[in-house]
Amino acid sequence: MCENIQNEMCIIFDSCSQNEGFARVVIAAFVSVLDPTLEEMADIKTAVSEAVTNCVIHAYENGPGKIKMNCRIEKQAVTIEISDEGTGIEDIEKAMEPLYTTKPELERSGMGFAFMEAFMDSLSVESTPGRGTRVVMEKVIGKADYCQVQGA
């Protein structure tokens, strides 16, 4: 395997629920070059699924829009940015609380951000009401091996 893998991609797709599965397949193919474990792959796919689903359910509740997924690999780390130009989030801190949902009638669990945070090494959320939301997640693949090589 290459020691200093660098790669980047950007895709833009419609905010329909079928594209959540598409995003999962795309990210799985993209990170496969890092040879992740099944657990690491499942974590990444789940986090992407939650981020895309948030865009579909919340960002564009008044009609379809576009979701942008930027992905970058540097060495053993994958950075995934998922953004929309939808309704935005009024209170990010509140939205990130486990079990908080604005859509209880849709049987939403309110665990999307909690799952993203649990399955990835870092998560940041930026949002402007009326202008959209940007979620950035990062995960180091083979973290135990990577830390040993880096002397951590």
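This is a predicted model: local features need pLDDT of at least 70, side-chain atom pairs count only at pLDDT 80 or more; totals for chains, interfaces and linings use all residues.
Local features were considered only at pLDDT of at least 70 and side-chain atom pairs only at pLDDT 80 or more, whereas totals for chains, interfaces and linings use all residues. Residues are numbered from 1 along each chain as its sequence is written, and side-chain values rest on heavy atoms, with hydrogens and water left out.

The protein chain contains five helices and five strands, taken as DSSP runs numbered from the N terminus (helices H or I, at least four residues; strands E, at least two). From the N terminus on, the order of these elements is β-α-α-β-β-α-α-β-β-α. Of the 152 residues in the protein chain, 43% are buried, where buried denotes under 20% relative accessible area, exposed over 50%, and partly exposed the range in between (1.4 Å probe, protein chains only). Among contacts (heavy atoms within 4.5 Å) with a separation of 6 or more, 66% join residues 24 or more positions apart.

Strand pairing, which requires at least two DSSP bridges between two strands, links β2 to both β1 and β3. The β1 and β2 strands are antiparallel and share nine bridges; Ile-11 has Met-69 of β2 as its bridge partner. The pairing of β2 with β3 is likewise antiparallel, over eight bridges, and Arg-72 is bridged to Thr-79 of β3. A hairpin is formed by β2 and β3 with two residues between them, and Lys-75 in the turn adopts a positive phi of about 55 degrees.

In soluble globular proteins, nonpolar side chains tend to be buried together. A nonpolar core is defined here as a set of buried Ala, Val, Leu, Ile, Met, Phe, Trp, Tyr and Cys residues joined through side-chain atoms within 4.5 Å. The largest such core has 38 residues, and Ile-44, Val-48, Met-69, Ile-80, Ile-82 and Met-137 touch the most other members. Elements giving two or more residues to this core include β1 (6–14), α1 (18–31), β3 (77–84) and β5 (132–140). Helix α2 provides the largest share, nine residues. Beyond its neighbours within four places in sequence, Val-48 is in contact with Ala-23, Arg-24, Ile-27, Met-69, Ile-80, Ile-82 and Met-137.

Helix α2 also contains Asp-43, which counts as buried because its relative accessible area is 13%. With neighbours within four places in sequence set aside, Asp-43 contacts Phe-119, Met-120 and Lys-139.

Two aromatic pairs were identified, a pair being rings of Phe, Tyr and Trp (its six-membered ring) with centres within 6.5 Å; planes under 30 degrees apart are stacked, those over 60 edge-to-face and the rest tilted. Phe-13 and Phe-22 form an edge-to-face pair, at 5.8 Å centre to centre and 80 degrees between the planes. Phe-13 is buried at 6% relative accessibility, while Phe-22, at 38%, is partly exposed. The pair of Phe-115 and Phe-119 is stacked, with 5.9 Å centre to centre and 15 degrees between the planes. Both residues lie in helix α4, four residues apart, about one turn of the helix. Phe-115 is partly exposed at a relative accessible area of 31%, and Phe-119 is partly exposed at 27%.
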